[in-house]
Amino acid sequence: MASIEMKNIVKQYGDGYPAVNDVSLDIADGEFMILVGPSGCGKSTLLRMIVGLEDITSGDMIIGGKRVNDLAPRDRNLSMVFQNYALYPHMTVYENIAFPLRLSKTPDDEVRRRVTEASDVLELKEHLERKPANLSGGQRQRVAMGRAIVRQAEAFLFDEPLSNLDAKLRGQMRTEISRLQRRLGITTVYVTHDQTEAMTLGDRVCVLRKGKIQQVASPRELYEQPVNLFVAGFIGSPPMNFLPATLEGDSLSTPFGPIRLDERRVAAVRGRDLLMVGIRPEYFEDASLVDEAKMPLGSTFRARVDVTEWLGDSQYAYIPYEAPEAITAQLRDLSRELDAEEIRTQAIVSIDATSRIREGREAEFWLDSRKVHVFDPQTGDNLTRDAEAGARLTQMAEEDRVEQVEHAQNSGQTVSGQGTGGGGGGAHGAHRAGAA
Amino acid sequence: MSSRERTWWIVGGILIVIYALFPIAWIVSLSFKSAADIANGQFLPTTWSTENYSFILTGGASDLFLPALRNSFGICLIATAISCLLAMFAAYAIARLDFPGKTLILSTALAVAIFPVISIVTPLFNVWRQIGLYDTWPGLIIPYLSLTLPISIWTMSAFFREIPWEMEQAAQVDGATTWQAFRKVIVPLAAPGVFTTAIIAFFIAWNDFVYGISLTSTSAARPVPAALGLFSGASQFEDPTGGISAAAVIVTIPVVVLVLLFQRRIVAGLTNGAVKG
């Protein structure tokens, strides 16, 4: 196990296009780091540079304190799960998992012990003699993971490992990966374009855009203190609403009425003509359902609802609004970059599932103004980001991680190398039930 | 498919099979005719005789035919093995690596393949005599490589291209050297392709006549197709038709056996080089 440090990593292709541009990133020992971004942002390239399948144009890649730029993949001792699993079709599941051990000339009984352990963890025991072609997608995925965990690698690398699975299986494997990572306490780098995976799995998430790092932070910090318009729009589903706004006195004038800002934020946004205010769907509520005590913390406005979507546990309302050309152009660019379809100038608002607000009618909404962010429409920068609060969130996530790893390692079983040996399957089962 | 359509397919199939197999059937029939029967104008022999076979296997033509058979087998197998091995490396490089001159190699291979054999055989004859390769096994193996290598490279690089890159990258991450990844992952996956290529290469070498007749003079290296041309009748007024037919039938047997043995491999190879994992 080792930390991974990247210093000013650049990847330029033959035509001079920088797929990865000056990326510096420290991944701590045992940390679960997510690389996320829309397609073409360079996240897979970065991962392949870590593992050594892609040459590094300039910069330093340091794994476990050693510069590995010029080392071949096999000398880096990392294990990787590929998007299409890359299982060897001519070998059985057993041999697939044993392959890294066979290459390192491990004695047969040691191979058998470690493969059995790995297959126990991944519940592949009854499939060991089958060929990959006869397995289901989820089983193939687990074989690929088995091949990764069977040896003591310095780190795990995942390249969109769940994107070929259906939604239900994806959720299942996601928790599986998370549990496994905690139990093994191994440094993990995970590439995905799916923000649910990013938010649920990562200790920290690195958001990339066109080969450049936008923000590296815990999921909570990304969500609550995004550094710019891109991160704010990328993280969160349904996405953050962006409304045009101008500052009048100490409040913002928006299509949804005035929004009062505190002094810190007023100072931060002063002096600009046109602003963009970012409000997450859940900062809205049906005004008739808001607690009296909470009411003064926000503002209320009336608007006509275009469409409502009732999902049982929650409800979304769509409210169209007018925006100046500068804002709509910016929003159009943003949605194109995020691979989303054209964003209409409408706000998506999350309201209580019991709300009686109906389509086509005018209704009164309440807006929590404490958490809104204000962006500069030209540069996209978040003007009201509270860096300290953000750092606190990431610090908390780090503490959680340490605690979880300790807990998982004390109660769960360990795979390969940490000397549990045989025996003790039953006892572990009980512990795991307790821990889960 | 309606029954009417199916009937037409069957009729068409039978016609094609008859058209393709009729000459072979004729040769088989000729090989069983006795000398007096050969020119009688009938398809089937009046009496079935094996005199032609004994003529080439134990009789007058046996010292011409048997060494030739041995030569043909040896030379073709060696040429096939060498060309497959070389083609495997070349095709791997062409399919996987980016190096300057890649298209040059492929187009040169194609040019060699379409170059008429007859135009190089005379200079080759002179060169071989000068350097002592005339009438030896290597003297035929080398020109056969020039026939089989281009097509082997082309077919095999098509097969290698079908194998997903990730397979090999996964092997490298798992700790394999480039050579180990090639030997343990790529070669087993490419096996059907290698088989198909080997069989095609063997046929090409096996069927060659021009090199065989021009670059050999004794039974030291003369292959079967050349030996067939040198058969002589019992007297100068008799054609060795029966003997040639019998030899032709015998020469066809290994080809048929090969195809039957590896039929599934060949079909799998020709239709489906892709590896689904």
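This is a predicted model: local features need pLDDT of at least 70, side-chain atom pairs count only at pLDDT 80 or more; totals for chains, interfaces and linings use all residues.

Strand β9 (residues 204-209) of chain A runs antiparallel to β10(A), and I find five bridges between them. For one specific pairing I looked up Val207(A), whose bridge partner in β10(A) is Gln215(A).

Next came the turn. The hairpin of β9(A) and β10(A) has two residues between the strands, and Lys210(A) takes a positive phi there, near 50 degrees.

How much of β10(A) is buried? I get five of the six residues in strand β10 (residues 212-217) of chain A, so the rest of the structure largely encloses it.

Then I moved to another sheet. In chain A, four strands make an open sheet, ordered β2-β1-β4-β5, with antiparallel pairing. Which strands sit at the edges? They are β2 and β5 (66-67) of chain A, each of which pairs on one side only. A reminder to myself: strands of a sheet pair through backbone hydrogen bonds, either parallel or antiparallel.

I zoomed in on one pair from that sheet. Strand β1 (residues 4-12) of chain A and β2(A) are joined by six bridges in the antiparallel sense.

Why does Ser24(A) count as partly exposed? I count 13 C-beta neighbours inside 10 Å, and a residue needs 20 or more to be buried, or 12 or fewer to be exposed, so Ser24(A) falls in between.

I also listed what Ser24(A) touches: leaving out residues up to four places away in sequence, the contacts are Met6(A), Lys7(A) and Asn8(A). For Asn8(A) I noted the distance too: 16 residues from Ser24(A) in sequence, but 4.9 Å in space, C-alpha to C-alpha.

Last entry, the contact of the two chains. Chain A puts in 22 residues and chain B 18 residues. On the chain B side, the elements giving two or more residues are α7 (165-173) and α8 (178-207) of chain B. Which one gives the largest share? That is α7(B), with six residues on the side that touches chain A. Sorting that side of chain B by class, I get nine nonpolar, six polar and three charged residues.

Technical notes:
Residues are numbered from 1 along each chain as its sequence is written. Chains are lettered from A and ligands numbered from 1 in the order in which they are written. Two residues are in contact if their C-beta atoms, placed from the backbone, lie within 7 Å. Ala, Val, Leu, Ile, Met, Phe, Trp, Tyr, Cys and Pro count as nonpolar, Asp, Glu, Lys and Arg as charged, and the others, Gly among them, as polar. Two strands pair if DSSP finds at least two bridges between them.
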